[in-house]
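Open the structure in your viewer and keep the selection tool at hand. Each stop says what to select and what is there.

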Amino acid sequence: MLDTVYDKVQIDYFHNPVADGQGDYPAQLKEIFDVQACKRAVTEISQWPSYRATELLSLDGLAKELGIAGIYYKDESTRFGLGSFKSLGGAYEVLCLLQQQISKRVGQQVNFASIRNGSYAELVKEITVISATDGNHGRSVAWGARLFGCQCVIYIHAEVSAGRQTAMEELGAEVVRIAGNYDDSVVEAAKRADDNGWFIVSDTSYEGYTDLPRHVMAGYTVMANEISAQLPADIQLTHTFVQGGVGGLAGAMCGYLWQTLGGKRPRFVIVEPDRADCLFQSARNGEPTVVKVVEESVMAGMSCGKVSFLAWQILSCGTNDFMTIPDELIAPAMRSLADGCYASRPVIAGESAVAGVSALIAACSDPELKEALQLNESSQVLLYGTEGATDPEIYRTLVGRSADEVAATMPVANEDKSC
Ligand SMILES: Cc1ncc(COP(=O)(O)O)c(C=O)c1O
């Protein structure tokens with residue numbers, strides 16, 4: 001049985017006519033994002049220690065409940081032991097920056113392997129990377145800095161949880177907490193970088209800063225590549241619901257699906273918190289629109305007020321639908337996944353991870369929206385479980401059990417459990 005909260009909430013929905021009837025991936029977008037160019041990231045990241053593909057789960061229990069054919073959930077809770085897909089982007093961005101800088105300093109092109117194996121350790125140690133974050137990107141940057149041996153400073157805003165701060169400090173980063181929101185932390189980090197000759201490694205892009213964030217999006221394609229290999233050969237996806245923060249994840253997934261599947265790509269739906277709906281408002285206004293985040297969403301990773309310049313160029317024409325959801329939907333979805341109601345085993349899904357699940361349930365609970373999105377008994381939907389319990393304390397509060405307690409109930413091999 002679905003929680004009754006889905007019948008009571010307000011879901012904002014906007015259909016983007018610009019994306020209707022699009023055929024092949026437009027040539028001009030290849031300059032922004034090109035799957036061929038991303039292969040370098042895939043080759044590199046899959047050689048890192050502890051790399052292994054994350055699981056693609058079937059949420060059969062939920063599909064049955066919603067009256068649709070299938071739901072696939074990419075479970076990023078185990079990615080590199082950092083607990084989110086973000087570990088694919090920030091750490092790879094650090095490596096690309098180091099490659100660029102070391103090549104400049106030694107006067108010849110150096111390769112990734114020589115940085116990875118410490119051939120330039122003394123030079124690398126002198127470089128400082130800096131970033132602003134809600135948590136997951138910063139953790140990835142801090143981890144990358146430790147892996148490759150440079151210094152790392154991370155800016156966080158007033159509402160970032162203490163647990164997320166500690167996780168970055170444990171990876172060796174100096175963490176600076178500022179008084180404002182995420183967008184303020186981006187500005188303050190940029191100023192500190194300027195003052196000290198440090199290097200910004202951001203997961204968002206803006207005019208004049210597009211080179212490094214391109215690598216972040218390339219890193220995310222590791223996940224898309226794994227999904228292509230893991231999806232059963234006879235399944236043709238009809239829909240995908242993707243979380244939107246600044247849009248980097250969505251931009252990479254949209255670009256990947258569009259370029260690899262052309263006109264046969266699934267209907268692309270972006271989901272955002274109603275408190276931080278910069279992509280939604282940008283689509284509605286037909287241009288990038290800044291949203292002031294007054295109250296932070298529980299979906300911390302998605303609590304952003306400004307779209308990424310690069311991502312927006314893909315998403316403005318490639319996104320079919322935009323949705324916003326309220327925070328009330330998050331805890332019920334986390335609990336149902338933890339209880340093993342939706343898949344063949346319990347799933348540890350963090351606050352931002354369940355945004356796609358929640359939006360899909362909400363859409364299917366509203367006949368008009370279900371119809372508008374053409375969700376029916378033939379639909380095959382892909383969702384991204386973008387994080388696990390990245391803040392263990394928040395997870396325990398929302399789910400009522402710790403992630404360790406939930407993990408202790410796994411695996412429930414081949415046992416079909418319905419709640
Ligand atoms: C867990 C999680 N999901 C989704 C997102 C959204 O990604 P993006 O900001 O690239 O849109 C983030 C961003 O930090 C995140 O941490």
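Predicted model: local features only at pLDDT ≥ 70, side-chain atom pairs only at ≥ 80, totals over all residues.

Residues are numbered from 1 along each chain as its sequence is written, and side-chain values use heavy atoms, with hydrogens and water left out.

**Stop one: the largest pocket**

Select S205, Y206, V290, K306 and V307. Of the 21 residues that line the largest pocket, these lie nearest its centre. (On a 1 Å grid over the protein atoms alone, a pocket is an open set of points with protein on both sides within 12 Å along at least five of seven lines; a cavity is a set where a 1.4 Å probe fits but cannot get out; lining residues have an atom within 4 Å of a point.) The pocket holds about 360 Å³ of space. α9 gives the most, with four residues. (Helices are DSSP runs of H or I, at least four residues; strands are runs of E, at least two.) Colour domain 1 (5-85 + 213-407) and domain 2 (90-202): both give residues to the lining, so the pocket lies between them. Domain bounds come from an automatic or database domain assignment.

**Stop two: the largest cavity**

Select F85, K86, G245, G301 and M302. They lie nearest the centre of the largest cavity, which is lined by 23 residues. Its volume is about 290 Å³. Next, show β4 (128-133), α7 (136-148) and α11 (248-261); each gives two or more residues to the lining. Domain 1 and domain 2 each supply at least three lining residues.

**Stop three: the second largest cavity**

Select S131, A132, V186, A189, A190, I200, S202 and Y206, which line the second largest cavity. About 60 Å³ of space lies there. α9 returns here as the element that gives the most, with three residues.

**Stop four: two helices**

Select α2 (residues 35-45) and α10 (residues 211-230). How far apart are their axes? The axes are 8 Å apart, and the helices pack at an angle of about 70°. α2 and α10 are therefore roughly perpendicular to each other (65 to 115 degrees).

Terms used
Points joined across faces, edges and corners; volume = space filled by probe spheres on them. Axes fitted to C-alpha atoms, helices over the stretch in contact; angles between N-to-C directions. Parallel < 35°, antiparallel > 145°, perpendicular 65-115°, else oblique.
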